[in-house]
Amino acid sequence: MRKVTIQDLDPPSTTSPAYVLPLGDPLGTTHLSINYFELDPGDQFGYEFHRHLDQEEVFYIQQGTATFETSDDEIEVSAGEAIRFSPGEFQLGRNLGASKVIALALGAPKGTEEIEYYRQCPACETRTIQPVTFDSEERIVRISCAECDSLVEEIAL
Ligand SMILES: [Zn+2]
């Protein structure tokens, strides 16, 4: 048994589109990823409209209203509500409101290695699927276009 108090955890050290505290490792979870989020107006849960081919995700909104972009439409999820995305469903949640959003993001299995973005490709001049790959030796994230194979973005970690 392990218990954590969110206020006692160290604040995030990395740059992120929102204030996020991972709870999985402090709690010692083996199968479940848990992240505590605070989103100021304009913040978002992730970097891009994306999907996990190998992980389902649930977002529980504790305070405020988050707006999730999906492949079909936008869905508002308000305090006291939860939303679940299957593996393979594209999504990105944003705080488009005027007040703070507090939420928990749950993912299973804990690790995810098959992430794909769906966004503009400069070469294709349209939105394309773009697999995200991690080079653990070079510590570089590469995002390439599945349509034209061009390297869209390279991020050194
Ligand atoms: Zn392309």
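Guide: Two strands count as paired if DSSP finds at least two bridges between them. Keep in mind that this is a predicted model.

Visitor: Got it. How many bridges join E4 to E7?

Guide: Four, with E4 covering residues 56–63 and the two strands running antiparallel. As for a specific contact, Val58 has Arg84 in E7 as its bridge partner.

Visitor: What's the strand order in the open sheet?

Guide: The five strands go E1-E2-E9-E4-E7, and the pairing is antiparallel.

Visitor: Which ones are the edge strands?

Guide: Those are E1 (19–22) and E7 (82–85), each pairing on one side only. From one strand to the next, the twist averages 20 degrees.

Visitor: Switching to the backbone: which peptide bond is cis?

Guide: The one from Ala108 to Pro109, where omega is near -5 degrees. Pro109 sits in the loop between E9 (101–108) and E10 (115–121). For context, most peptide bonds are trans.

Visitor: And what is phi like at Glu125?

Guide: Positive, near 60 degrees, and Glu125 is a residue other than glycine. You'll find Glu125 in the loop between E10 and E11 (126–135).

Visitor: Is Glu125 buried or exposed?

Guide: Exposed, because Glu125 has 8 C-beta neighbours inside 10 Å and the cut-off for exposed is 12 or fewer.

Visitor: OK, where does Arg139 lie?

Guide: In the loop between E11 and E12 (140–144). Arg139 also has a positive phi, about 55 degrees, although it is not a glycine.

Visitor: Why does Arg139 count as exposed?

Guide: Because Arg139 has 10 C-beta neighbours inside 10 Å, and 12 or fewer makes a residue exposed.

Conventions:
Residues numbered from 1 in each chain as written. Predicted model: local features only at pLDDT ≥ 70, side-chain atom pairs only at ≥ 80, totals over all residues. Axes fitted to C-alpha atoms, helices over the stretch in contact; angles between N-to-C directions. Buried ≥ 20, exposed ≤ 12 C-beta atoms within 10 Å, placed from the backbone.
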